[in-house]
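Thanks for coming, everyone. Please take a look at the model on the screen, and then we'll walk through it.

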Amino acid sequence: MTNDEIDAKLDQLERQQAMQTEAIRAALEGRWTGGAETVAGYLQALDPSRELVPRVPLY
Amino acid sequence: MSTETHWRRISHLDAQQAAITGALRAMAEGRWHGDDSVKAWLLALDPASAGRLVARVPIYDRAQEDCWQCWSPGELARATGCPEASIRANWPAIHAELVARGIGSREVQAAALGTIAVETARTFEPVEEAFWLDDAWRRANLRYAPFWGRGYVQLTWDYNYRAYGEALGVELVNNAHLATQPDIAAACLAEFFDRAGVAKAAERCEWREVRRRVQGADAGLNHLIEVVGRLGF
């Protein structure tokens, strides 16, 4: 793997981890569905190929 | 880019991945605040979010059932004089917060129920102080405005908003209205019962001491004693 390829891969991993962190923050704050800045929204962005059937917890 | 820089980035990614895994495990196991919780791992991932997180703890089915083990919603409505619909809506979260702090005994539950009945003027809702009046009246008449009483135990004064906001990871000083959000109000009550010694007084069935620690004096004591009496104490 070339240096440029390693950089590109690391960039991608960092973006994915940032999005995973945002998904966890959304869960802690009770934002589960209904927009891009929700758990469902972030998961959809992380893996658009997987269809999600979200189940929102009670508060 | 040098190999050393690559290794630094990979090492950072490894550490972040461990924190993400920790947060997901805590989420799966229902630990939302405290040690080894979703909130603790999130703060490790993003220390800059300290004080800006507005945590909401979900209610689990088991907790919902548990909260009616001592008394049914109808029994609580009769004992407290509060609307049954409000008790059904609000008691599960309050009960869950007490249990989460290890202060969910029958005695402490009775003290919490009686205190809420007194402090919310029998509404069993996380109300604002003098809720039948408007903000203009409160600003003109309450020396601690805008940090007037809010929630189930009427959180009051700027220093209490700061202290309980920090304890719960919620920015309450600049968002005082959040103290009337049911889940935050429930967490405030439980945190207050724990750290202010209210739960300890309740465990000893010292109702006057419970009232003094909440209100500072004896106002509302007779009402509290009536409620805990109907609950079997």
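Which residues have the most contacts inside the largest nonpolar core? They are B:Trp91, B:Ile94, B:Leu98, B:Leu172, B:Leu189 and B:Phe193. That core has 54 residues. A nonpolar core here is a set of buried Ala, Val, Leu, Ile, Met, Phe, Trp, Tyr and Cys residues joined through side-chain atoms within 4.5 Å. Buried means under 20% relative accessible area, exposed means over 50%, and partly exposed is in between, with a 1.4 Å probe and protein chains only.

Before we go on, some ground rules. This is a predicted model, where local features need pLDDT of at least 70, side-chain atom pairs count only at pLDDT 80 or more, and totals for chains, interfaces and linings use all residues. Residues are numbered from 1 along each chain as its sequence is written, chains are lettered from A and ligands numbered from 1 in the order written, and side-chain values use heavy atoms, leaving out hydrogens and water.

Now, confidence. pLDDT is the predictor's confidence in each residue, from 0 to 100. Chain B averages 91, and 97% of the residues score at least 70. For the complex, the predictor gives an ipTM of 0.75 and a pTM of 0.64.

Back to the big picture in chain B. Helices are DSSP runs of H or I, at least four residues, and strands are runs of E, at least two, numbered from the N terminus. Helix 9 of chain B gives the largest share of this core, 9 residues.

Zoom in on B:Phe193. Leaving aside residues up to four places away in sequence, B:Phe193 touches B:Ile103, B:Val108, B:Ala111, B:Ala112, B:Thr115, B:Val153, B:Val198 and B:Ala199. Contact means heavy atoms within 4.5 Å.

Chain A has 2 helices and 0 strands. Of its 59 residues, 31% are buried. In helix 2 (residues 39-46) of chain A, the buried residues are A:Val39, A:Ala40, A:Gly41 and A:Tyr42. They pack against helix 1 (3-28) of chain A.

Why does A:Gln17 count as buried? Because its relative accessibility is 7%. A:Gln17 lies in helix 1 of chain A. Across in chain B, A:Gln17 touches B:Leu13, B:Gln16, B:Gln17 and B:Ile20, not counting residues up to four places away in sequence.

On a 1 Å grid over the protein atoms alone, a cavity is a set of points where a 1.4 Å probe fits but cannot get out; a pocket is an open set with protein on both sides within 12 Å along at least five of seven lines; lining residues have an atom within 4 Å of a point. Grid points are joined across faces, edges and corners, and a volume is the space filled by probe spheres set on the points.

The structure holds 1 cavity of 30 Å³ or more. The largest cavity has about 40 Å³ of space. Its lining includes B:Arg150, B:Tyr152 and B:Cys188. The second largest pocket has about 540 Å³. Of its 25 lining residues, those closest to its centre are B:Glu119, B:Val153, B:Gln154, B:Thr156 and B:Val214.
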